[in-house]
Amino acid sequence: MNLNWNERIDDLLRLYHLDDDWDGGGSPAPAPSLVAGAMKLALTLKEKKHPPADRVSASVDGTIYFEWYTPTGHEEIEVTSPVDAEWRRVEEGADEAEIIGISIR
């Protein structure tokens with residue numbers, strides 16, 4: 001699959017249009033300010049030439065996930081507020097994740 005940041009940014013733009021109960025299970029839609037924070041993060045990652053995420057999606061908790069799948073493991077960034085995120089990496093075969101807090105500025 002040949003992905004690029006422009007596609008992921010389009011995915012984020014679509015999240016602005018979600019309503020509560022977007023999944024039929026009562027999940028809250030991400031707040032517009034949270035989507036804006038995720039957009040800022042995506043543009044920063046793009047500018048720094050970080051590989052584009054394989055997937056960007058809303059979570060059932062109203063947060064936003066960026067996910068990368070590699071042969072060596074799984075990485076994700078969960079945007080939890082307009083200015084905060086949590087980066088997690090799980091190496092293939094590992095029992096625990098490495099977790100780092102990120103400030104979106």
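What follows is a set of questions and answers on this structure.

Q: What kind of model is this, and which values count in it?
A: This is a predicted model, in which local features need pLDDT of at least 70 and side-chain atom pairs count only at pLDDT 80 or more, whereas totals for chains, interfaces and linings use all residues. Residues are numbered from 1 along each chain as its sequence is written, and side-chain values use heavy atoms, with hydrogens and water left out.

Q: What makes up the secondary structure of the protein chain, and in which pattern?
A: The protein chain has 2 helices and 5 strands, where helices (H or I, at least four residues) and strands (E, at least two) are DSSP runs numbered from the N terminus. Along the sequence these elements follow the pattern α-α-β-β-β-β-β.

Q: Why is the protein chain called as compact as a globular protein of its length?
A: The radius of gyration, taken over C-alpha atoms, is compared with a globule rule of 2.2 Å times the number of residues to the power 0.38. For 105 residues that rule gives 13 Å, and the protein chain has 14 Å, which is close to it, so the chain is as compact as a globular protein of that length. The C-alpha trace spans about 35 × 30 × 30 Å along its principal axes.

Q: Why are α1 and α2 called roughly antiparallel?
A: Two packed helices are described by the angle between their axes and the distance between the axes. Here helix α1 (residues 5–15) and helix α2 (residues 32–47) pack at an angle of about 175 degrees, with their axes 10 Å apart. Axes are lines fitted to C-alpha atoms, for helices over the stretch in contact, and angles run from 0 to 180 degrees between N-to-C directions. Angles under 35 degrees count as roughly parallel, over 145 as roughly antiparallel, 65 to 115 as roughly perpendicular and the rest as oblique; α1 and α2 are therefore roughly antiparallel to each other.

Q: Which residues make the contact of α1 with α2, and how do they divide by type?
A: With contact meaning heavy atoms within 4.5 Å, α1 contributes Trp-5, Asn-6, Ile-9, Leu-12, Leu-13 and Leu-15, while α2 contributes Val-35, Ala-38, Met-39, Ala-42, Leu-43, Leu-45 and Lys-46. These residues divide into 11 nonpolar, 1 polar and 1 charged, on a scheme in which Ala, Val, Leu, Ile, Met, Phe, Trp, Tyr, Cys and Pro count as nonpolar, Asp, Glu, Lys and Arg as charged, and the others, Gly among them, as polar.

Q: How do you know whether Arg-8 is buried or exposed?
A: Buried means under 20% relative accessible area, exposed over 50%, and partly exposed in between (1.4 Å probe, protein chains only). Arg-8 belongs to helix α1, and its relative accessibility is 8%, so Arg-8 counts as buried. Leaving aside neighbours within four places in sequence, Arg-8 is in contact with Leu-3, Ala-53, Asp-54, Arg-55 and Val-56. Over the whole protein chain, 40% of the 105 residues count as buried.

Q: What makes Glu-75 buried, and what does Glu-75 touch?
A: Glu-75, in strand β3 (residues 73–81), has a relative accessible area of 16% and is therefore buried. Its contacts, apart from neighbours within four places in sequence, are Phe-66, Glu-67, Trp-68, Trp-87, Arg-88 and Arg-89.

Q: Why is Glu-91 called partly exposed?
A: Glu-91 lies in strand β4, and its relative accessibility is 40%, so Glu-91 counts as partly exposed. Glu-91 is in contact with Thr-72 and Gly-73, neighbours within four places in sequence being left aside, and the C-alpha atoms of Glu-91 and Thr-72, 19 residues apart in sequence, are 5.9 Å apart in space.

Q: What sets Asp-21 and Lys-49 apart in backbone terms, and how accessible are they?
A: Asp-21, in the loop between α1 and α2, has a positive phi of about 70 degrees although it is not a glycine. Lys-49, in the loop between α2 and β1 (55–58), likewise is not a glycine and has a positive phi of about 65 degrees. With a relative accessible area of 42%, Asp-21 is partly exposed, whereas Lys-49, with 73%, is exposed.
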